[in-house]
Amino acid sequence: MRKRIKIICLLTAAVLASALSACSADEGEAKVRDLEFTVVEEKEIPQELAKLIEEKKLNEFRLTYTDDSSLYLVMGYGEQETGGYSISVNACYLTETSLVFDTTLMGPSKEEIVQQKPSYPYIVVKTEKREEPVIFQ
């Protein structure tokens, strides 16, 4: 079984700004087609991937993981002060040269009762195995 792991950690604002400017040409490409995907529940995350997420969760991270048949896309938002956060997938699609994965972190509403301890929101989606570079937005 061949597995491939690619980790992209954004450690500073400068790295993030650099990465975004490097991707700006790709962002202008037209969408070829949407990709079907499934949000993976924690208990269904491959063990090796779950270990990587645990190691990276304190800071924002972006990660791809492949197995024989699937591509997993992971977006982690690092440590948040409380619980109650959720993540929405805005888009997951192919362009001529890349795969675009766009997510948004949503905080708890003011009326919501949340745990007053740190949380580490992340999302894992599973889609068809692809070789194109992934642009996280």
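Contact is taken here to mean heavy atoms within 4.5 Å. On that basis, residues 24 or more positions apart account for 72% of the contacts in the protein chain with a separation of 6 or more. The structure is a predicted model, in which local features need pLDDT of at least 70 and side-chain atom pairs count only at pLDDT 80 or more, whereas totals for chains, interfaces and linings use all residues. Residues are numbered from 1 along each chain as its sequence is written, and side-chain values use heavy atoms, with hydrogens and water left out.

The secondary structure of the protein chain comprises 2 helices and 9 strands, these being DSSP runs numbered from the N terminus (helices, H or I, at least four residues; strands, E, at least two). From the N terminus on, the order of elements is β-α-β-β-α-β-β-β-β-β-β. With pairing requiring at least two DSSP bridges between two strands, strand β8 (residues 122–128) pairs in the antiparallel sense with β3 (residues 37–39) over 3 bridges, and Phe-37 stands opposite Thr-127 in β8. Strand β5 (residues 70–77) also runs antiparallel to β8, to which 7 bridges join it; here Gly-76 stands opposite Tyr-122.

Of the 137 residues in the protein chain, 36% are buried, where buried denotes under 20% relative accessible area, exposed over 50%, and partly exposed in between (1.4 Å probe, protein chains only). A nonpolar core is defined as a set of buried Ala, Val, Leu, Ile, Met, Phe, Trp, Tyr and Cys residues joined through side-chain atoms within 4.5 Å. The largest such core has 14 residues, of which Leu-73, Met-75, Cys-92, Leu-99, Phe-101, Ile-123 and Val-134 touch the most other members. At least two residues of this core are supplied by each of β5, β6 (86–94), β7 (99–106), β8 and β9 (134–136), and the largest share, 4 residues, comes from β5. A second, separate core of 11 residues includes Leu-49, Ile-53, Leu-63 and Val-124. Beyond its neighbours within four places in sequence, Cys-92 is in contact with Asp-34, Leu-35, Phe-37, Leu-73, Leu-99, Val-100 and Phe-101.

When a salt bridge is defined as a side-chain nitrogen of Lys or Arg within 4 Å of a carboxyl oxygen of Asp or Glu, the count comes to 7. Lys-31, which is partly exposed at 48% relative accessibility, forms a salt bridge with Asp-34, the closest N and O atoms being 3.1 Å apart. In the salt bridge between Arg-130 and Glu-128, the corresponding distance is 2.8 Å, and Glu-128 counts as partly exposed at 32% relative accessibility. Arg-33, Glu-128, Arg-130 and Glu-132 are linked in a network of salt bridges.
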